[in-house]
Amino acid sequence: MRVLITAVLLLFIQYRVQAQAGGLAGAVTDAITGRELVGVQVILKPGLIDDATDVEGRFLFSGIEPGIYSLELREPNHKTTYVPLLRVSANEITVVRIAMFDSVKVLTGAVITARKPQKNNNAGVASERKSSPSIMDGVSQETIKTTPDRNTAEVLRRVSGIAIQDNKYPIVRGLSDRYNLAMLNGVPMPSTTPDRKSFAFDVIPSNLLDNLLVLKSGMPDQPGEFAGAVLLVNMRDVPDENVQTFSLGFGGYTNTVGKQASWQTNKGADFAGLGNSGRLLPSGMPASGDYMANLTRAERAAFSKKFENDWGLKSSTTLPALQFQFSNSSRFLFSGRPTGVLFALSYSNLKRINSIDRAEFNTSANTRKYTDKQFTDNVLLGGILNFAIKVNKKNKITWRNFVNNNAFEENNVRTGTDFERGSEERSWGMNYSYNYFLGSQLSGDHFIPAWEVKFKWDASAQVVNRNAPDYRRLLYTRNMGTNDPFKAAIGPGASFANAGKMYTQMQENIRFAGYSFLKSFLADRYKTDIKIGGFHQIKNREFKARVLSVVDNSFDTPDSLKQLAPEFIFAPENMGGDGFRYDEIEDPSYSYTGNSALHAGYIMADNIIDRFFRITGGVRIEKFYQIMKTEKSGIGKITPKIDNLNILPSLALTLLLNQRSNLRFSYAATVTRPDFREISPFSYFDFINFVSIVGNDTLKSGNINNFDFRYETFPGDGQSFSVGAFIKDFKNPVEQMVSLVSQDPVRSIQYKNAAAATVYGAEMEFRYKLKKVAYKLRNFEMSGNLAYTFSEVRFQYIDSSGKAANVARPLQGQSPYIINWGLYYNNRARGVSFAVNYNTIGPRLYSVGTTNYPDFYEKPRHVLDLQISKAMSQRAEFKLTLGDVLFQDFVLYQNADDKHGYKKTDKVVNRMKTAPLVLLNFTYRIK
């Protein structure tokens, strides 16, 4: 017993000693290029403990007593650097980022200190921007925590020159979302929707981010298919300490929580976003084409009884939203090698009720007028599991895994009048969709001493599954001005718009491999980094859609059946006989398969000349092949192909004015290529927005010449200021253009090539500590950015007389200005912080019209977000978020003249009332 007590006491004492110890970790980079420095000798004083930086330029001293320390760094090609007065606290690892100057430069070293890993705070992002050869903006996790942003799309609003469309797609410098390239941990991301060439950034929870970097100028080591920006989403990496974090939040929109809402029948796992299995076609459903061809009318009527009667919506009181996050990071020795594991899980369930007034117009009159009640439920479930092992100081292997499931239920209940048809309407649109994404990435960082070469490689596999099972539409009508009962608009002919079900599925498999070799050369007057690498990506996509319509099973279907409410009308007893049946609407364009291969190689040189001038440039060669197999009505099988070889040079000139400031110029040639969806003849009708979206198999690839100018300065402590301008010259840009279907004001959007386009604009951004103004304001920080953009698209069309006419207009998605502003207060002594964030954009060209059908513009709205947090201890924190406190209406209008700003004479086609979002969050952190 005495031995047991002694052992327990020894373990307790050991735990207390360890618990009171601290740590000092850091990353060492070249002060100008930002490259990680390998093999730097790091000496800790007092104690004279030494370490050497690894292949990532990192070092770590753990288990040291709290106190004041200093560091001495030695490396043959760099000046010995001293970093004094580093405070190490108990139970905490102090993290520093140290920049060393080359040995021929007579300057002292620079150091940025932080309590967090170097790349997820403002100082780390500022350092990344300063040392990058590309023109770059970014947002750190430190900033994200001071905003109410729940997903990556909302975070992107904080970046200069970026606006968000449809709450998920970034518009960068006035360019449509199709012109951006998304990369997750350095690997290109796929499209997450079957109806556009875009990655929906709302599917990634913001709390899983380390930082978000936006490259606005091209470099040979980045993919060449972009014009807006390369959006680098960097997920959380394994930190230098063992930490567990738990967070729980509640809240919701003020017009939703506690209110009655209408929802689909729960399929068992809807709360987790896993309700797909309960919405599939009945078992035994014949394959597409066989249903109509091989089953008689009587057999189809009999089979129709197998469909679940799920057309009704159930009313319930809306409960508060739930948000949950958990993360655990661990560092340990595996076979004597430092190893790290990070696990993070994020869940949110947010419901919303929207009241929307909609209208449609022709050239002279209002043709439709509706009032919608929209009920949405957005469930987001995501997680990451990362492993990292340092084989030795010169070799590291990392395995990153990311899984995300985003389920979205949308129910639209509409009442109104169709003036052209002379009918009053009641209609329902019920949709459930989910995006499932799984990505696994294995990467290696190596240093080859014999050649003094850094070798990096990546290999990844991604799976994207986007299903919209059982999208339902149901329409009831009666004659205008009567009190007749409403009855379902069902007849003997199939019509998805009147009563139909659509099942769509898209699956995409992507394989990627990338590698690079980096060699540095140092001489008296110059320093050069040569980088050579390759890039290979294979995509395979399969898309299928099945469309069913409810029709009269006979010509004697009684009105009494058609007058039944949605929850009763298609009950099994009403299918067959004098009731209804399901017929399938067949179209050869309802499915396609696509395959693409991109192989690229590049060489680039990063040169520092006379210590004050930096020239970075090179060339990238991309070989791209894409083929799609589908069918087109009236034509038969088609196989649109793209087979291009692109040579893409780039050049960046940077004048290093001093340790803190740069003057930049860059040029890059990039390309834009049609996506599978953009060339598919499949036509999808969007019930909510009254628009059909159809592809164009004649689209061509385009070329862009990009010019950027910028002055930037980084005073330190995470502060920054930049001002710049840009010009982009397009050949064959791809846009969505609107046309009318005969005389019925139903918009049809098709992708088309314009002849040419030019975009130019200016941007300004700053982040400033107010202690520079007055000491009393030492806890305050202010940030903001302003972007102005002008664009002109030039194309020809044939007018009514048969003559070719030239037309110029702005690019789709472009707004003339974007403004962001933020004020932050952080008093660590009292554990109190608050933030105020403001965002607005100018009148945005939402959708391109035609000669007789004016463009759609989005009216500017002012968005103000507030957040306050209080630390109850070193581990616990409460946070209150108020989002969109001004709750101005979202207004979409058809512009009546050449002045794009909103006026009372403009025709409002969509007005949605908004409401503030209130969230209360509790976070507990264990070290």
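Which residues of helix α6 (residues 297-304) are buried? They are Arg300, Ala301, Phe303 and Ser304, where buried means under 20% relative accessible area, exposed means over 50%, and partly exposed lies in between, computed with a 1.4 Å probe on protein chains only. Seen down the axis of α6, these buried residues fall within an arc of 165 degrees, so they line one face of the helix; the arc is taken from the directions that lead from the helix axis to the C-beta atoms. Among the elements that cover the buried residues of α6 are α5 (290-294) and β28 (580-585).

The model is predicted, so local features need pLDDT of at least 70 and side-chain atom pairs count only at pLDDT 80 or more, while totals for chains, interfaces and linings use all residues. Residues are numbered from 1 along each chain as its sequence is written, and side-chain values use heavy atoms, with hydrogens and water left out. Helices (H or I, at least four residues) and strands (E, at least two) are DSSP runs, numbered from the N terminus.

The pLDDT, which is the predictor's confidence in each residue on a range from 0 to 100, averages 86 for the protein chain, and 92% of the residues score at least 70. Over residues 1-19 the pLDDT is below 50, and this stretch has 3 contacts in the model beyond near neighbours in sequence, a contact being heavy atoms within 4.5 Å. Over residues 105-117 the pLDDT is also below 50, and there the model has 36 contacts beyond near neighbours in sequence.

In one of them, 5 strands follow the order β9-β14-β15-β12-β13 with mixed pairing, where two strands pair if DSSP finds at least two bridges between them. At its edges stand β9 (136-140) and β13 (187-188), each with a single partner strand, so one side of each is left without a neighbour in the sheet. Strand β12 (residues 181-184) runs parallel to β15 (residues 230-235) and is joined to it by 4 bridges, with Ala182 opposite Leu231 in β15. Helix α2 (residues 122-131) lies across β9 and β14 (209-215), running at about 165 degrees to β9; such angles run from 0 to 180 degrees between N-to-C directions, with axes fitted to C-alpha atoms, for helices over the stretch in contact. Of the 10 residues of α2, 10 are buried.

The other sheet has 4 strands in the order β3-β2-β5-β6, with antiparallel pairing. Its edge strands are β3 (49-52) and β6 (78-88), each with a single partner strand, so one side of each has no neighbour in the sheet. The twist averages 20 degrees from one strand to the next.

| Residue | Loop between | Relative accessible area |
|---|---|---|
| Asn185 | β12 and β13 | 16% |
| Asn553 | β27 (526-552) and α7 (559-562) | 11% |
| Asn732 | β37 (719-731) and β38 (734-741) | 13% |

Phi is positive in Asn185, near 55 degrees, and in Asn732, at about 60 degrees, although neither residue is a glycine. The side chain of Asn553 makes a polar contact of 3.3 Å with that of Arg581, a polar contact being a pair of N or O atoms within 3.5 Å in which, within protein, one must be able to donate a hydrogen and the other to accept it, and residues adjacent in sequence count only if both atoms are side-chain atoms.
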